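User: Let us go through this entry question by question. Please start with the terms and conventions that the answers will rely on.

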Amino acid sequence: MRHLGTKFRQAIIGVFTALGLLLLGVAPSAQADSTQGSQVLVVNDSTPAADSTLEIVFDEPLSKESARDVQSSLADKPLIQPRSNVAPPLVHGPALNQNISCKIGNYRFSDTNGAFQIRNNCPYNNANWSYQISSLLRGKITSNVSESGLVWYKAGVRQGKNAPHTVPANYYFHGTMSNVRNYETVTYGDQLSFRVLIAGRAGSAVLTIGGTVKMVP
């Protein structure tokens, strides 16, 4: 009986300790570990012909269940760890080192975030490009989209930068990479920033696109 009394007293002390922590706003660590998720989610979409990264900083931390809901709303694309800010251009992207022939016309590379098109305009020694955010992602954007302006490099040397834009999410982004000739390899990149509401959670997002292509006749 004395042993049972000790156990009973320990149980009562444990209950009052837990209640005290809750009143002080301190949740038990086991409960926090099971519910607390990240405030930053990075979604990577990669296909044989396209690659883009969507980083979302939510206004409030997500529970693990909310993070799964967000991922499901983004077509269940894999989540990756947040990384340090990467300014364009990227060294990955639509069909790394894809040959772009002036005989073909527009090449189109798409994933769940959007579609990028590029054309080798041989007579004028330039490349025409365009990008449009996908209907899946547009449906979650709640603000205008601020585009940093596409930049392009040859052999690691910056060649130019297109004008930035702040426009509605359904805008058809487009521009020209000038002084681009056959047999040259071009690396390019752009970033689009906007507000989102995904699975009932609001946040700020940055969509980074980029690639490396080779111009051929």
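Analyst: A salt bridge here is a side-chain nitrogen of Lys or Arg within 4 Å of a carboxyl oxygen of Asp or Glu. The model is predicted: local features need pLDDT of at least 70, side-chain atom pairs count only at pLDDT 80 or more, and totals for chains, interfaces and linings use all residues. Residues are numbered from 1 along each chain as its sequence is written, and side-chain values use heavy atoms, with hydrogens and water left out.

User: How many salt bridges does the count come to by this rule?

Analyst: One of them joins the side chains of Asp 59 and Arg 195, at 2.8 Å from N to O. Another is formed by Lys 154 with Glu 184. The count by this rule is 2.

User: How many residues apart are Asp 59 and Arg 195?

Analyst: The side chains of Asp 59 and Arg 195 meet in a salt bridge. Asp 59 sits in the loop between E2 and helix H3 (64-73), and Arg 195 in strand E13 (residues 185-198); helices (H or I, at least four residues) and strands (E, at least two) are DSSP runs, numbered from the N terminus. The pair thus links distant parts of the chain, with a separation of 136 residues.

User: Is Lys 154 buried or exposed?

Analyst: Lys 154 forms its salt bridge with Glu 184, the closest N and O atoms being 3.1 Å apart. Lys 154 lies in strand E9 (residues 151-154) and Glu 184 in the loop between strand E12 (173-178) and E13, so the pair ties together parts 30 residues apart in sequence. Buried means under 20% relative accessible area, exposed over 50%, and partly exposed in between (1.4 Å probe, protein chains only). Glu 184, at 23%, is partly exposed, whereas Lys 154, at 13%, is buried.

User: What is the handedness of the disulfide formed by Cys 102 and Cys 122?

Analyst: A search of the whole structure finds 1 disulfide (a pair of cysteine sulfur atoms within 2.5 Å). The sulfur atoms of Cys 102 and Cys 122 are 2.4 Å apart. Cys 102 is in the loop between strand E4 (98-101) and strand E5 (107-110), and Cys 122 in the loop between strand E6 (114-121) and strand E7 (126-133), 20 residues apart. The torsion about the S-S bond is about -95°, so the disulfide is left-handed.

User: Which residues does Ser 52 contact, leaving aside its neighbours within four places in sequence?

Analyst: Ser 52 belongs to strand E2 (residues 50-58) and, at 2% relative accessibility, is buried. The Ser 52 side chain has a polar contact of 2.7 Å with that of Asp 111, and one of 2.7 Å with that of Asn 113. A polar contact is a pair of N or O atoms within 3.5 Å; within protein, one must be able to donate a hydrogen and the other to accept it, and residues adjacent in sequence count only if both atoms are side-chain atoms. With contact meaning heavy atoms within 4.5 Å, the list for Ser 52 is Val 43, Asn 44, Asp 45, Asp 111, Asn 113, Leu 207, Thr 208 and Ile 209.

User: What is the relative accessibility of Leu 207?

Analyst: Leu 207 lies in strand E14 (residues 201-216). Beyond four places in sequence, the residues that Leu 207 touches include Ser 52, Leu 54, Tyr 131, Leu 137 and Phe 194. Leu 207 counts as buried because its relative accessibility is 0%.

User: Which residues form one aromatic cluster?

Analyst: Rings of Phe, Tyr and Trp (its six-membered ring) pair if their centres lie within 6.5 Å; planes under 30 degrees apart count as stacked, over 60 as edge-to-face and the rest as tilted. The rings of Phe 116 and Tyr 188 have centres 4.9 Å apart and planes at 10°, so this pair is stacked. Phe 116 is in strand E6 and Tyr 188 in strand E13, 72 residues apart. The members of the cluster are Phe 116, Trp 129 and Tyr 188.

User: What is the angle between the planes of Tyr 171 and Phe 173?

Analyst: Tyr 171 is partly exposed at 23%, while Phe 173 is buried at 2%. Their rings are 5.1 Å apart centre to centre and form an edge-to-face pair, with an angle between the planes of 75°.

User: What percentage of the 217 residues in the protein chain is buried?

Analyst: The protein chain has 4 helices and 14 strands. Residues 24 or more positions apart account for 63% of its contacts with a separation of 6 or more. The buried share of the 217 residues is 39%.
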